[in-house]
There are 2 protein chains.
Amino acid sequence: MGAMTLQPATPAFLDSLRDRLPPSAFREAEERHLSEPRGRFRGTGLLLAPGSTEEVAAILRACFDARVPVVPHSGGTGLVGGQVMAEGPAPVILSLARMDRVRAVHPSESVLVAEAGVILADVHREAERAGRMFPLSLASEGSARIGGLLATNAGGTAVLRHGNARALCLGVEAVTAQGEVWHGLTRLRKDNAGYDLRDLLIGSEGTLGVITAAALRLVQPPSRVGVALLAVPSPAVALELLALAQGRYGDTVQGFELMGRMGFVFLAETGLGASPLSPVPDWTVLVELGLPEGLEPQAALERIFEEGMERGLVTDGVLAASEAQATALWELRERIPEANRKIGAVSSHDISLPLSEIPAFIPEAEAALARLGPFRVNCFGHLGDGNLHFNVFPPSGVARAEFDPVRGRVKELVHDLVHARGGSVAAEHGVGRLKVGDLERYGDPVKLSMMRAVKQALDPRGILNPGAVLRAQGNRP
Amino acid sequence: MGAMTLQPATPAFLDSLRDRLPPSAFREAEERHLSEPRGRFRGTGLLLAPGSTEEVAAILRACFDARVPVVPHSGGTGLVGGQVMAEGPAPVILSLARMDRVRAVHPSESVLVAEAGVILADVHREAERAGRMFPLSLASEGSARIGGLLATNAGGTAVLRHGNARALCLGVEAVTAQGEVWHGLTRLRKDNAGYDLRDLLIGSEGTLGVITAAALRLVQPPSRVGVALLAVPSPAVALELLALAQGRYGDTVQGFELMGRMGFVFLAETGLGASPLSPVPDWTVLVELGLPEGLEPQAALERIFEEGMERGLVTDGVLAASEAQATALWELRERIPEANRKIGAVSSHDISLPLSEIPAFIPEAEAALARLGPFRVNCFGHLGDGNLHFNVFPPSGVARAEFDPVRGRVKELVHDLVHARGGSVAAEHGVGRLKVGDLERYGDPVKLSMMRAVKQALDPRGILNPGAVLRAQGNRP
């Protein structure tokens, strides 16, 4: 049975690869390869940093033969521990960071082909240079890389209009567990030639294959963009306002972010920002319109504002009169995660709900938490997608460590309520290692057994990111 | 080994199900269950028409135990023979037509939950009743059913803006080969809890599981819709015009259909329609805008028209001045497939290409065909998606049977040229039984072996639609 178990990556194993890999592929693992942003997991492993798809394939062939686990590592910004292997034999940490070439830009097709290691902000820049836009946008775009963004099917603030990372990918090049290269870098918008393995790899968090490059869908930037921060009486009303805005302006409504009062309290407490509305409203939404030619953002937002006021959907608001003001409004929203980190959460929850369940869920969860302790809840997020970050904090002046004993109970309470309403407890950050138990608890058992069958089929020795998404099976054939 | 092979569905086998299924599930197979629209394949089998998901599961459990093949049957409108099993032991033809309930409409979420047997036109109607729109639109919408539309990831005329069927589905309920029910009818817009098996089943043509219901994404209808038929000098210029239109009006450009002169010749020849432009242009595009409030379709189309004229992109055109005129323009486009059927194609090709490859492909393929015979080519389709129907016909007055000897050569020639330019030979109709050989010839070998592994994992006895997408493996474990 010994030969059947996974084997640790050792210096001798790495040495055995020196005939197949250039010296540049051998690097010391750094702190950032062994840790993750929230400090919940600490990894082990030896680093390899291939510079090409062929080198990735050579590494995987060797790991497959020797049954050595492989943890793909991209920008390292994931929040669920998918990028660090904390248990089991030491893995090869497969950094894609050196594969950072934009291979091609096709402006007339609105397509850009990027390797897995390209940083999101660089994709934005290259797209802009071609008169196009890559509409994936999130707080970590300065360090997150395409490979990880696809592996986790990243979301962000433009999903309402443009979809998750999955919707922005036309084709992938990927290496299998056996070290074979799937050349699937198609630039086609329609292709029904066989199973949708592209979308299967996307979001599989490196457990079914390693994406080495992707053909990404660009869009024409909207002629004019307008931003407003509107105060609304409640999340229920915020959804009515969304329907009003979409009824008039369709999917030109490209951002619809909810922020609770606590978000502004935290921004003030941490010195990161201040509400432009006073008194700070209980709930605000940040609305962004990306309009076609012929429509004035200011006029369109005023129309939403005025009709919202008339119908009691909006109680206050500020319309950005310049790009600088628009940026400033967005910065408030984008600094909330940073404020959260400074305050220090007892428990964070990346949840999604059917839209109509949101209004009842929020007070229900807050009331249930109040029975557990004097928590502060910062609820914010992508309301238009039904995706909230429902994060639980200690009261002002109390260390979060005091709540260590109830942290598990807090999480379970929130997740149970989400599940009861048909929601997901892994909405946009993925499962990683943090939510393997949640998936087992809440996931459909038939889907789970299908997932295990697919994992076994595509990674028969279980070397790819063991313990992420699905519990490691220990011994494999 | 005998026990390992698939067994035919016999009257005795069906009788053995009478204790588990109501009498209503037992029906005689009709002609439409054994044939398909283009008459290329003729099926066999015994019909079962379950009325519920539980009945579907009971049938699949029995078929799995007895190793009896199952061919799911929905609207029967597929064009690649995926719905009829022509070879091997007689299957159970599993009609989903009786599962025709719209289970729920959630207007505030823009979601509709439909069973697999609901006809597309009925989904349209129900969505409209709720003040919403289901943006999947294709010629066979009066008979195509949701199950088949998802199984084939159907395309149609609104893909440019709204995507294929896959992009319009939030969740599925499905029955596995073993007869287990995956309750995946989520109404969530974001859910990264595990592998994307939804998108894997969608487009798998009934070979990995049977979709019994789906949560569908509705949209708010645009405030105003405008339609124009514009003459363009060439497909290359048509793509420039598309870029111009999208640059000004973004993804409010919701239809961009190319029609060649031959399309209008065929409409005239078959008495199905006449070009409103005279002389009939070599190339025309049907442009549809779905505009937000505040924009006049007429003015927006005039703007595209005028700037197109100035830049030499447009040479003539007609703008619909009323809904009736818009409908009449669309009817021209939608009657082309009917005209094609009346003329009778030597070979039809459902291809997609990277957008920038289209202009060179069309004359290249036409020239190559001309060397093979005096064919007439009707090239039309969803230019914005890079998806063309490149169909080859006999000259006027010649029976297509005369070209039977070169039919295979015609197809191979067209498909080889498509493949050489990075295109797909199964763009929106799927693989079915018609293109299994094409997939083997043109598909990436690593992807194909991954597909076979997934098929083996989810359908270990090979009972689900054997011979569709992948060649039947004969004996299974």
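1. A residue is called buried here under 20% relative accessible area, exposed over 50% and partly exposed in between, with a 1.4 Å probe and protein chains only. At 0% relative accessibility, T212(A) is therefore buried. T212(A) lies in strand β8 of chain A, residues 210–217; strands (E, at least two residues) and helices (H or I, at least four) are DSSP runs numbered from the N terminus.

2. The model is predicted: local features need pLDDT of at least 70 and side-chain atom pairs count only at pLDDT 80 or more, while totals for chains, interfaces and linings use all residues. Residues are numbered from 1 along each chain as its sequence is written, chains are lettered from A in the order in which they are written, and side-chain values use heavy atoms, without hydrogens and water.

3. Leaving aside residues up to four places away in sequence, T212(A) touches T53(A), V56(A), M99(A), E115(A), A116(A), E173(A), A174(A) and V175(A); contact means heavy atoms within 4.5 Å. Between the C-alpha atoms of T212(A) and F361(A), 149 residues apart along the chain, the separation is 40 Å.

4. An unreviewed UniProt entry annotates residues 40–221 of chain A as "domain: FAD-binding PCMH-type"; such annotations may be inferred rather than shown by experiment. Over residues 40–221 of chain A, the chain is 21% helix and 22% strand, with its end C-alpha atoms 39 Å apart.

5. In chain B, helix α9 (residues 261–269) has M262(B), G263(B), F264(B), F266(B) and L267(B) as its buried residues. Their cover includes strands β9, β10, β11, β14 and β15 and helix α11 of chain B. After α9(B) comes G271(B), with a positive phi near 70 degrees.

6. Helices α12 (residues 358–372) and α13 (residues 404–420) of chain B have axes that come within 10 Å and cross at roughly 155 degrees. Axes are lines fitted to C-alpha atoms over the stretch in contact, with angles from 0 to 180 degrees between N-to-C directions. α12(B) and α13(B) are therefore roughly antiparallel, the term for angles over 145 degrees. The contact involves residues including F361(B) and E364(B) of α12(B) and R409(B) and V410(B) of α13(B). By class, the contact of α12(B) with α13(B) has 10 nonpolar, no polar and two charged residues.

7. M450(A), A453(A), V454(A), A457(A) and L458(A) meet M450(B), A453(B), V454(B), A457(B) and L458(B).

Key: Angles under 35 degrees count as roughly parallel, over 145 as roughly antiparallel, 65 to 115 as roughly perpendicular and the rest as oblique. Ala, Val, Leu, Ile, Met, Phe, Trp, Tyr, Cys and Pro count as nonpolar, Asp, Glu, Lys and Arg as charged, and the others, Gly among them, as polar.
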